[in-house]
Amino acid sequence: MASENIIVIGGGPAGLEAARGVADLGYKAILVEKRDRLGGTPDEAQYAALTPDMRSAKEAMDEMRDAVTDNSGVELMLNTTVTGSEGELGNFVVKAEQGGKQIDIEAGAVILATGFQHFDPGRETQKYGYYEHDDVITLVDAEKMFTAGNFVRPSNGEKPKSVAFIQCVGSRDRQIGNEYCSKVCCGISSKQAIEVRHHCPDAKIYIFYIDMRMYGYWENEIYWPAQEKHKVNYIKGMATEILKQGDHLIVKGEDTTLRRPMEVPMDMVILAVGMEPSVGTKEMAEVFGVNKNKYGFIETIGGALNTVSTNVEGVFAAGACTGPADLEDSVSAAGSAVMKSIGAIRKAAVPA
Amino acid sequence: MMALDLSQNKYSDVSMEEKDRLFAEAKADERWEHVLYGCYECGICVAACPSARFYDFSPRVIAQAVAREDTDLIYTLMADSIWDCSQCFSCDRCPRKNSPGQIITILREVSVKNGLKSAKEALQGYGRIIYKIMLTGTQVSPDMLQPDAFPDWGTHVYEIAENLDDWRKALPPETLHTTETSWVIDDKTIIELYLIWHMTGVMDLISGVDEGLYDIIVDVMEERLEEAGYDDVTFD
């Protein structure tokens with residue numbers, strides 16, 4: 001028996017937008033989320049402000065959540081984990097577990113929106129001492145501090161006088177296996193550097209980078225203001241390691257454009273960790289038989305012209321489950337997935 | 001080409017407080033906010049710079065040192081590198097609209113105002129020009145064409161130098177019938193010029209870099225001013 005419902009798996013930005021879009025077009029979305037609340041990683045990791053417009057992440061996620069809550073076109077299934085799938089385009093039966101109970105969800109098409117996870121800087125390499133030094137934190141830890149409105153050194157609760165961001169941690173690294181650029185970290189570090197400036201007006205703030213990748217309007221909206229107005233120092237050169245010396249951290253690297261080695265004392269170091277496929281993304285790829293790329297992200301097959309179709313007919317993917325993506329990318333891809341999935345259902349329903 | 005010597009502590013005899021103070025003075029200049037925005041470190045300024053072709057000089061390094069507020073390095077550059085700039089402002093093609101050349105203008109002014117050794121050394125060869133321009137308001141004069149002054153100008157300078165007066169008198173405008181200054185300067189202009197030097201305090205800059213030159217110039221100026229009835233104008 002054919003179904004015109006569309007199951008959306010994952011309640012982050014891409015999933016929320018996909019569910020809203022399906023409902024807006026007069027179809028029914030079944031939005032499945034394994035956590036007990038919607039909002040995905042921005043919510044779970046307590047992001048403070050969005051890049052580049054500094055809008056409150058909570059406010060933005062509330063707007064997205066509101067659009068699917070009490071929406072007659074969206075059936076919400078929280079605390080629900082997808083475990084299997086049978087059938088094909090027009091006739092999927094998705095197996096799920098909800099509160100210890102097995103359930104079957106019928107759907108004509110599937111949109112995977114299972115997102116990413118932040119790179120764990122303790123994995124593979126300990127060179128930055130994330131689990132060793134209290135004052136070495138990640139962008140994610142910093143977001144939580146900004147959300148709490150209290151940006152201080154974890155070691156002593158004092159405001160830092162010097163802060164260094166280290167870019168490309170877990171990205172663009174053949175040693176680690178993540179050869180790709182995580183796309184958003186340059187912008188987020190620059191955005192956070194501006195937030196650090198608000199908390200610590202007199203601090204020295206550095207960003208150690210390989211390339212600054214601030215495409216489009218991120219250039220003028222984030223990069224230039226950080227450098228020009230907020231006096232953030234961008235230094236091309238990677239840190240090789242972080243050592244502890246007395247109350248300070250010593251960042252060892254090279255100031256490449258001035259051609260001199262650096263060993264600079266810092267009060268705090270923020271590691272710009274990149275994106276990796278989430279556990280859910282890898283699991284759903286297995287469940288639906290969808291191809292993954294060598295990094296474990298879901299592979300889309302249409303190149304630049306179709307960013308959401310997978311090798312399995314009727315199964316689409318949107319957002320950071322297909323690779324590093326910012327909010328704009330995720331929301332745009334979700335819209336595309338809605339269009340493609342409804343199109344696929346309608347074509348399948350036409351008798352041959 | 002050798003790399004610029006950017007080693008720190010090259011001038012460890014100068015205190016960090018003094019280096020900070022000099023940089024703060026540069027930053028306080030009202031032009032400062034329009035000479036440095038942010039640096040991509042792209043090197044377009046070096047690519048355009050004629051001095052960088054001939055000297056161990058990089059306008060990019062100037063911009064970077066200043067952007068990083070590395071006062072130790074800035075002092076090192078003030079002590080040497082900034083005097084290699086020809087102030088042509090080819091570097092003004094910067095995509096961020098920085099002007100390393102104007103940064104250098106300001107750093108040079110700070111060096112002169114504070115009588116830094118580098119400023120004294122850099123200006124040493126210009127004593128004669130400073131003397132002339134301060135006392136006459138003109139810089140290049142025909143009598144500089146002496147046979148021994150600029151050997152690289154060639155042998156024809158001998159001939160010209162010999163009959164300089166005649167050559168000048170052959171020029172149609174009467175105001176050019178002089179050899180000591182670029183053109184004839186009347187007394188009123190000279191007195192007004194000296195009064196401007198007096199009122200703007202510009203002589204203090206000269207006393208900071210060349211005390212002997214300062215004394216000579218001031219002697220001449222005070223005498224002329226007294227003759228013109230400005231007995232009360234003194235420079236000390």
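Helices here are DSSP runs of H or I spanning at least four residues, numbered from the N terminus. In this predicted model, Ala65(B) has its place in helix H4 of chain B, which covers residues 59-67.

A residue counts as buried if 20 or more other C-beta atoms lie within 10 Å of its own, and because Ala65(B) has 26 C-beta neighbours inside 10 Å, Ala65(B) is classed as buried. When residues up to four places away in sequence are left out, Ala65(B) touches Asp70(B), Leu73(B), Ile74(B) and Leu77(B). For Tyr75(B), which stands 10 residues from Ala65(B) in sequence, the C-alpha to C-alpha separation from Ala65(B) is 9.6 Å.

Turning to chain A, the domain assignment divides this chain into domain 1, made up of 6-115 + 278-349, and domain 2, made up of 119-274. The centres of domain 1 of chain A and domain 2 of chain A, taken over C-alpha atoms, are separated by 32 Å, and the contact involves 13 residues from domain 1 of chain A together with 19 residues from domain 2 of chain A.

Between the chains, 8 residues of chain B are in contact with 9 residues of chain A. The table gives the residue classes for one side of each contact.

| Side | Nonpolar | Polar | Charged |
|---|---|---|---|
| Domain 1 of chain A, touching domain 2 of chain A | 9 residues | 3 residues | 1 residue |

Key: Residues are numbered from 1 along each chain as its sequence is written. Chains are lettered from A and ligands numbered from 1 in the order in which they are written. This is a predicted model: local features need pLDDT of at least 70, side-chain atom pairs count only at pLDDT 80 or more; totals for chains, interfaces and linings use all residues. Domain bounds come from an automatic or database domain assignment. Two residues are in contact if their C-beta atoms, placed from the backbone, lie within 7 Å. Ala, Val, Leu, Ile, Met, Phe, Trp, Tyr, Cys and Pro count as nonpolar, Asp, Glu, Lys and Arg as charged, and the others, Gly among them, as polar. Helices (H or I, at least four residues) and strands (E, at least two) are DSSP runs, numbered from the N terminus. A residue is buried if 20 or more other C-beta atoms lie within 10 Å of its own, exposed if 12 or fewer, and partly exposed in between; C-beta atoms are placed from the backbone.
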